[in-house]
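Here are my comments on the model you asked me to look over. They are set out as numbered points, to be read with the structure open.

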Amino acid sequence: MRKELSQILEEKFNVSPKAFNEARELGREQNLKVGEVLIKKNIVTETQLLQAVGEQYRMDFWAELPQTRLDTSFTSKVSIQFLKKNFMVPLLPNVKKETEAEADKDSEESNGDIIDLDQSADAETDNNGHRRKSLPEHHVIAVNDPLHVHQLDDLVRLLNIDYYETVLSTRDSIVAMINRAYDLSRDSAQQLVQDMEESSRTIISEIEETADLLDDTSDSQIIKLVNHIISQSIKARASDIHIEPYQDSFKVRYRVDGILYDLLKPPKWIQSALISRIKVMAKLNIAEKRLPQDGRIDVRIGENDVDIRVSTVPTTFGERVVLRLLSKAGALLTLSEFGLSQEKLDTLNHLIHQPNGIILVTGPTGSGKTTTLYAILSAINSPEINIITIEDPIEYQLNGIGQIQVNPKIDLTFASGLRSIVRQDPDVILVGEIRDGETAEIAIQSALTGHLVFSTLHTNDSASAITRLVDIGMEPFLLSSALNAVVAQRLVRTLCTECREEYRPDANMINMAGLPLDKCKNIPFFRPKGCDNCFQTGYKGRVAIMEIMVMDQYIKSLILKTSDSNVIKTHAVKRGMKTLRLDGLKKLVEGLTSIEEVLRVTHG
């Protein structure tokens, strides 16, 4: 006799009958299943509920669906919407083998009620000489709710299968398997280009974007190609996609860990349609090809929401397009996850908890400045303080923090926005970037009137920030009073731990890095090799290297005398500042990166 679900939950997970009955009543009121209410009220987890349901219906529970069972053959027969709505996914079947002796035994035990062996199959024999034959394929279907009987029947009919077994799995596991199956079933980019060459009339450039790229079932080859380029770039952890036109050709490249790689080289005639499709998705004017344009696309790849910023500029051979990819699902890093030494971490934590002053983060585009500032704001964010930011663009939504988007079309610039922010009684202000003297002046005045201000600046190192600020009109005495510290930052690629190989670099390379030869004899050096895990690049992921110039009394007095960055840097190093190169060499000695990578992103 089948046990009641409430009884199993009480025995296995101590769910009281009272709690179960309350959940059932609440479910009736809200038109929810009792299991959904139990999960929503944190009485049980989804895994615990499915284990109980599995015991009730005598079904196996698979916490994770193995990738070895991934099946893509069903994607042409069943819509992704149907599977996602009902949380079920077909998996690769079990092919069972049994001997005639085993079949006879099973037949006797089951009174002849057994699936017929395929008599036409090629005979095999086991070690005892018995003929071994294949049973019909037992398809496996993972479901989240065993009561979806009608939906299961519809799926079986669509797949045209006779024998199957069902297993229980979590919604996340099922959806992940569905997304992967439909993603892998898509044609490769090169194949799409070949198809387009064979049938150019199928190109359609103007069509509205669907909610999910994996849901897009349009036959238009150009739409499929754009979707494929975006989804493959996201899968490769790319930060940017570049579409670059040349005289007789054009290419698509993507940037992974700061380095550009070729993704595709379609024929020149596809260029116009491809760019038009992207402009339609970004809601740009497809007829305007003489002026730069900026737009934005919100897409979804499976369960991953991605914000794409689109920039177009006219060139001699057509419009050049860059797409900046920002995954909204990416978790914000904390300062402790940046790979900083304990000394640098302690220094940063001391600086960001000061009551007032300016802290600048400098570096070129793509060096992680914004990520660092978000990590800093997350570290100091609390209900007791009022934090307001003005950014262009807002890359992450931060809970409990007021964020303002720059909009030059309505004259909402960094400078005008900053003036308004000061009247909002903030404790901490983040200015996305200091671009001109007016913004710098308001930021400094804010710091001098009791606010803690964070901002970014495009300079090569920390000392150059002083030179830059003086150059745009800031008085040295104001800088010495308002500035707390300047942090220069770069990102170095980390070696793939699956394929990195140890080697001994030559003396010339060690000298270029600035390492003493006599102390390098026992240091293990590693270099990139390349494997499937890292897309044959030898690197996977990046880590920050920093130099932090703290404005002590000596440096402040020096600024009053000179704004020469070389002089300021020399004295800062004498007073204990570790340069970008030194921090990079520390990562090198730790085996995290290579000599070439440190030399690429730093200067001596």
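**Notes on side chains and their surroundings**

1. Asp 471 counts as exposed, because its relative accessibility is 62%. Bear in mind throughout that this is a predicted model. The side chain of Asp 471 meets that of Arg 468 in a salt bridge, with 4.0 Å from N to O. Both residues belong to helix α16 (residues 462–471), where they are three residues apart, so about one helical turn separates them. Arg 468 is partly exposed, at a relative accessible area of 31%.

2. Helix α21 (residues 580–589) holds another pair, Lys 587 and Asp 583; they are four residues apart, which again means a separation of about one helical turn. They form a salt bridge whose closest N and O atoms are 3.6 Å apart. Are these two residues buried or exposed? Lys 587 is buried, with a relative accessible area of 1%, and Asp 583 also counts as buried, at 3% relative accessibility.

3. Lys 279 and Glu 319 form a salt bridge, and their closest N and O atoms are 3.1 Å apart.

4. How many salt bridges does the structure hold? The total is 26. Side chains of opposite charge can pair when their charged atoms come close. Some of the charged residues are linked in a network of salt bridges: Glu 244, Arg 253 and Arg 320.

5. Now the aromatic rings. The structure holds zero aromatic pairs. Two arginines do sit over rings, however. Arg 493 lies over the face of Tyr 539, at 3.9 Å from the ring centre. The charged end of Arg 500 is placed over the ring of Phe 526, 3.9 Å from its centre.

6. A disulfide is a covalent bond between the sulfur atoms of two cysteines. How many disulfides does a search of the whole structure find? The search finds zero. Cys 499 is in no disulfide, and the nearest cysteine sulfur, that of Cys 531, is 3.7 Å away.

7. Thr 362 is found in strand β13 (residues 357–362). Thr 362 is buried because its relative accessible area is 0%, and buried means under 20%. Leaving aside residues up to four places away in sequence, Thr 362 touches several others, among them Lys 369, Leu 457, Asp 461, Ala 465 and Val 487.

8. Finally, consider helix α14 (residues 414–422). Which of its residues are buried? They are Phe 414, Ala 415, Ser 416, Gly 417, Leu 418 and Ile 421. What covers these buried residues includes the strands β14 (387–391), β15 (402–405) and β16 (428–431), together with helix α15 (437–448).

Note on methods: Residues numbered from 1 in each chain as written. Predicted model: local features only at pLDDT ≥ 70, side-chain atom pairs only at ≥ 80, totals over all residues. Heavy atoms only, no water. Helix = DSSP H or I, 4+ residues; strand = E, 2+ residues; numbered from the N terminus. Buried < 20%, exposed > 50% of the residue type's maximum accessible area, 1.4 Å probe, protein only. Contact = heavy atoms within 4.5 Å. Phe/Tyr/Trp six-rings, centres within 6.5 Å; stacked < 30°, edge-to-face > 60°. Lys NZ or Arg CZ within 6 Å of the ring centre and 35° of its normal. Disulfide = S-S within 2.5 Å.
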